[in-house]
Amino acid sequence: MQTQRFLITGGSQGIGAAIVAQAREAGHQVVFTGRNEAEIAAVAKATGAHGIKADVSIDTDNARTVETCVSVMGGVDVLINNAGTGYNAEIGDLDINKMRQLFGINVFGMVDLTNRVAPLMKAQGSGDIVNLASTSGTKGAKGGTAYSGSKWAVRGISQCWQAELRPLGIRVVCICPSEVQTNWMGKTGRNNPNKLYAADIAATIMAGLNMPRRVLWTELTVFANNPWKED
Ligand SMILES: NC(=O)c1ccc[n+]([C@@H]2O[C@H](COP(=O)([O-])OP(=O)(O)OC[C@H]3O[C@@H](n4cnc5c(N)ncnc54)[C@H](OP(=O)(O)O)[C@@H]3O)[C@@H](O)[C@H]2O)c1
């Protein structure tokens, strides 16, 4: 892949930080976002990427993010919609404001940012958009109304964007990871070699981007190869 200009949301830790690292290792320019200033600074220092504090659920932050990409890199070739949050609650006991907040990040934030980046990609007649969904968006589960619902939405929206952007030379890829050992929802310190790591998802995304431009992986579900070897 020639040198590309990446915008990665939620690059301050977990899967996003792994994508920042692998994109930089491959020689690409990277702007990434997050909310935790210390973690943004640490990733920026370790990788040489340009990190900014920007909340994807805030429209004005998204406007500033795109302005930063234009001023720092001259545009965006690859948009990775990775920022996401979780909330589990069963129906009858669900805080609708928490669900609205989650959709503001996982769904509306992703749509608002992409709505601002798509015109740049349309004007240049190329681009890649990678949306992080989840296996939780392929099968509903107990307590999953908010999170699973948001990831089903990400998958459906990805298909709409494929219909709109594929004829214009812009690829939209939807990635559905199974459990990944990040600090997701406060789970820390996991290190089971039989389960997925953030770097595995980053490598999968980089592989999809590296396919010849006529190849489009529409949706990719990623499981660990040894799921029966539980902790
Ligand atoms: N881990 C899993 O098992 C798993 C499985 C399937 C799918 N996924 C999806 O993969 C993506 C990344 O998950 P992860 O495991 O890497 O999670 P993580 O370790 O909790 O990291 C989430 C990242 O998103 C950022 N973020 C959250 N809310 C944000 C907001 N409003 N604006 C900007 N950035 C925000 C966080 O930044 P700050 O900390 O700086 O706020 C952080 O960098 C998510 O979309 C998640 O749904 C994860």
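Q: Before we look at the sheet in this predicted model, what makes two strands a pair?
A: Two strands pair if DSSP finds at least two bridges between them. With that in hand, the open sheet here has 7 strands in the order S3-S2-S1-S4-S5-S6-S7, with parallel pairing.

Q: Why are strands S3 and S7 said to stand at the edges?
A: Strand S3 (50–53) and strand S7 (219–222) each have a single partner strand, so one side of each is left without a neighbour in the sheet. From one strand to the next, the twist averages 15°.

Q: How do you know that S6 and S7 pair?
A: Strand S6 (residues 170–177) and S7 share 4 bridges in the parallel sense, and at least two are needed, so they count as a pair. As a spot to look at, Pro-177 stands opposite Val-222 in S7.

Q: Which helices lie across strands S2 and S3?
A: Helix H2 (residues 37–47) lies across strand S2 (29–34) and S3, running at about 170° to S3. Helix H3 (residues 59–73) lies across strand S1 (5–8), S2 and S3, at about 155° to S2.

Q: How do you know that the length of helix H1 agrees with what its residues should span?
A: At 1.5 Å a residue, the 12 residues of H1 (residues 14–25) should span 16 Å. The end C-alpha atoms of H1 are 17 Å apart, which agrees.

Q: What covers the buried residues of H1?
A: The buried residues are Gly-14, Ile-15, Gly-16, Ala-17, Ala-18, Ile-19, Val-20 and Ala-23. Their cover includes S1, S2, H2, strand S4 (78–81), strand S5 (127–132) and helix H6 (198–210). After H1 comes Gly-27, whose phi is positive, near 90°.

Q: Why is Arg-155 called partly exposed?
A: Arg-155 has 17 other C-beta atoms within 10 Å. Buried takes 20 or more and exposed takes 12 or fewer, so a count in between is called partly exposed. Arg-155 is found in helix H5 (residues 145–165). Leaving aside neighbours within four places in sequence, Arg-155 is in contact with Ala-133, Gly-137, Cys-174 and Glu-219. The C-alpha atoms of Arg-155 and Ala-133 are separated by 6.4 Å, though the two are 22 residues apart along the chain.

Q: Which element supplies the largest share of the shell around the ligand?
A: H1 does, with 3 residues. Of the 29 residues around the ligand, Gly-10, Gly-14, Gly-34, Arg-35 and Gly-84 come nearest. The shell divides into 9 nonpolar, 16 polar and 4 charged residues.

Methods
Residues are numbered from 1 along each chain as its sequence is written. This is a predicted model: local features need pLDDT of at least 70, side-chain atom pairs count only at pLDDT 80 or more; totals for chains, interfaces and linings use all residues. Helices (H or I, at least four residues) and strands (E, at least two) are DSSP runs, numbered from the N terminus. Two residues are in contact if their C-beta atoms, placed from the backbone, lie within 7 Å. Axes are lines fitted to C-alpha atoms, for helices over the stretch in contact, and angles run from 0 to 180 degrees between N-to-C directions. The expected span of a helix is 1.5 Å times one less than its number of residues. A residue is near a molecule or strand if its C-beta atom, placed from the backbone, lies within 6 Å of it. Ala, Val, Leu, Ile, Met, Phe, Trp, Tyr, Cys and Pro count as nonpolar, Asp, Glu, Lys and Arg as charged, and the others, Gly among them, as polar.
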